[in-house]
Amino acid sequence: MNKRYLYLLLLPGFLFLAAFMLIPIILTIVSTFMPDGSLTLEGYMTFFRDGYFNKILLTTLRVSVVTTLVCVVLGYPAAYYISRAGIRKKSILLALSIFPLLTSPVVRSFSWMIILGKKGLLNTFLMNIGLIQKPLEILYTPVAMMVGLVHLFLPLIIITLLGVMENLDYELVRAARSLGASSFTAFRKIIFPLTVPGLIIGSILVFVGSLTAYTTPALLGGKERVVATFLYQNAMTLNDWQAASVIAVIMIVITFVVVGLMNAWANRLNPKG
Amino acid sequence: MALISLEQVSVAYDNRFILEDFNLQIEKGKLLSLLGPSGCGKTTTLRLIAGFLNAEQGKFMFGGKDYTNVPVNKRNFGFVFQSYALFPHMSVYDNVAFGLRLRKMKEAEVKQRVTRMLEIVSLGGFEKRLPKALSGGQRQRVAIARALVIEPDLLLFDEPLSNLDANLRVNMRVEIRRIQQELGITTVYVSHDQEECFSISDQVAVMNSGKIEQLAHPTTIFKYPASEYVARFIGFGNFIAFESRSDAGEDIELSRGALKFLAAKRPNGAGNLGMLGAIRPDDLQLWPSTQEAPLSGNTLSGRVQVSTYLGRSYQYEVETELGVFTVNQEMDVPFAQGEQVTIYFPKDKLVLVQ
């Protein structure tokens, strides 16, 4: 095919995204600065002066950060084990770790309700063995959201890390060992630094995913709001589309800032540049 | 006494033995090559010595101590990898300093040693570069410097030159030999390239399916291969299976049917046990059959089947009553296809193998 016409391959997808994503986003952004035709920051000022919104924003960031950290702590060792496993074991473990992605978030959240609820499996169990006297309040708290989000995003970080770890030349570890490094030192000085870029990319995916997740926090959070559920409430319940747009833009900005910062960090660490 | 001794070692992968009852001794200060095609067990042997692999059975003695269960990082052996295995996130300096820092050496001394070692491998001034900013030859030299700077008790090379282009390979192998002799460091070198092994080694072990076929000085192997396998591997392209042999003073008389050949005995009297005659294509000589051969005996008449031009010489496939022989000969005017020729087998070039 003539190279000059190669761009035609890009065109359909690009037009679709432009028409249904790029233009609406630009219109949304513009509308928040010009609610009635003149340029103003009033929309944003209202939000950042509002204690309730600040609390929601803080909860959202906290839930996202903790979810990301938990995913990193749980996902990294798991991914490392899978990357070093034999080919058969590897494919089984990989299928198992992807499995949560294949079920609907609604189904998953309802199962967590059954587990975490006041008369749920966890509380019943803990009370039966006498560890607690009255049921723990887990469901409809930020903790429940985090549990649900970790369940949702753990596969994502495992897959991302696995990609990096499988490309790791294990000869490097042998080289480090032959130069006198213990297994742990070889891990600390060779494997870990070389997998940090993957760790950052995985963290970005989890963080952004948690930040914008709707279903899981809506079902497991109860009255606790996160930015995404708050946006929904403003738009669908209160019919305040102006406020919903402002929230949407704030979410986009946070996402871009976080992705930008972490990408820059990952690039700086990436030895292959 | 040997510095290194592998005693009745067996290594298996997936229930298949790579090495079985394997024995090898290496003297202090020598460079020994393990030569053989891929899958012959040479790399397995090297990795066993390095400690990357564990033997199912047998012992590995080093300097009189049992090293069989000493972990890799306690052996103090330098290893140079085929892929170089430089740490991509570290500068040349940090790569070379890696082993010294693990030994808790003071940074001032680390600097002094790394700088000296980089001079030795002619990489002064490259300290701050990352491996990706180096050429293949430079990477290889960093890998060698990194293995040498820890002052290893043993240096191990795993096909270190196979990723370099031909000119660089020759330069690097001279360099490796120079450094090895300068530092007097015992070295095991693995390669499938016979020229590479012969040019730098004190001893060459030719390996075949987990066994050493012959262990000797390179010139001995080159002239007097011990077995058919070794002969084939190092370029003896022509074979004659004789039916009987008898002593004839300086020589051995061989016969096949009505044909009689003489082969010179080896100088030290060793070897020359088999009944299979082997000779290199370069050592055979051809005459036109119209011309009388200047020497009698050890000849065979035949017909040129194929003639190809190799640059320095012509290569002929000559059909005879004992099969097809390959002959390389330098000449201005080549033989034509189908021409009748006489092949002469110099008796000091015809060796007997088992």
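Close-up 1. At 34% relative accessibility, B:Glu109 is partly exposed (buried is under 20% relative accessible area, exposed over 50%, partly exposed in between, with a 1.4 Å probe and protein chains only). B:Arg113 also counts as partly exposed, at 25%. The two form a salt bridge with their closest N and O atoms 3.2 Å apart; the term means a side-chain nitrogen of Lys or Arg within 4 Å of a carboxyl oxygen of Asp or Glu. They sit four residues apart in α3 (residues 107–120), so about one helical turn separates them. Helices (H or I, at least four residues) and strands (E, at least two) are DSSP runs, numbered from the N terminus. This is a predicted model: local features need pLDDT of at least 70, side-chain atom pairs count only at pLDDT 80 or more, and totals for chains, interfaces and linings use all residues. Residues are numbered from 1 along each chain as its sequence is written, chains are lettered from A and ligands numbered from 1 in the order in which they are written, and side-chain values use heavy atoms, leaving out hydrogens and water.

**Close-up 2. A buried pair in chain B, B:Glu159 with B:Lys42.** Here the salt bridge has its closest N and O atoms 3.6 Å apart. B:Glu159 lies in the loop between β7 (154–158) and α5 (166–183), and B:Lys42 in helix α1 (residues 42–50), so the pair ties together parts 117 residues apart in sequence. Both ends are tucked away: B:Glu159 is buried at 8% relative accessible area, and B:Lys42 is buried at 4%.

**Close-up 3. A:Glu42 meets A:Arg49.** Their side chains join in a salt bridge, 3.2 Å from N to O. A:Glu42 is partly exposed at 43% relative accessibility, while A:Arg49 is exposed, with a relative accessible area of 58%.

**Close-up 4. Where chain A touches chain B.** Contact (heavy atoms within 4.5 Å) links 20 residues of chain A with 23 of chain B. One salt bridge is counted between the chains: A:Glu171 to B:Arg47, with the closest N and O atoms 2.8 Å apart. On the chain A side, α8 (171–178) and α9 (183–212) each supply at least two of the touching residues. The largest share, seven residues, comes from α8(A).
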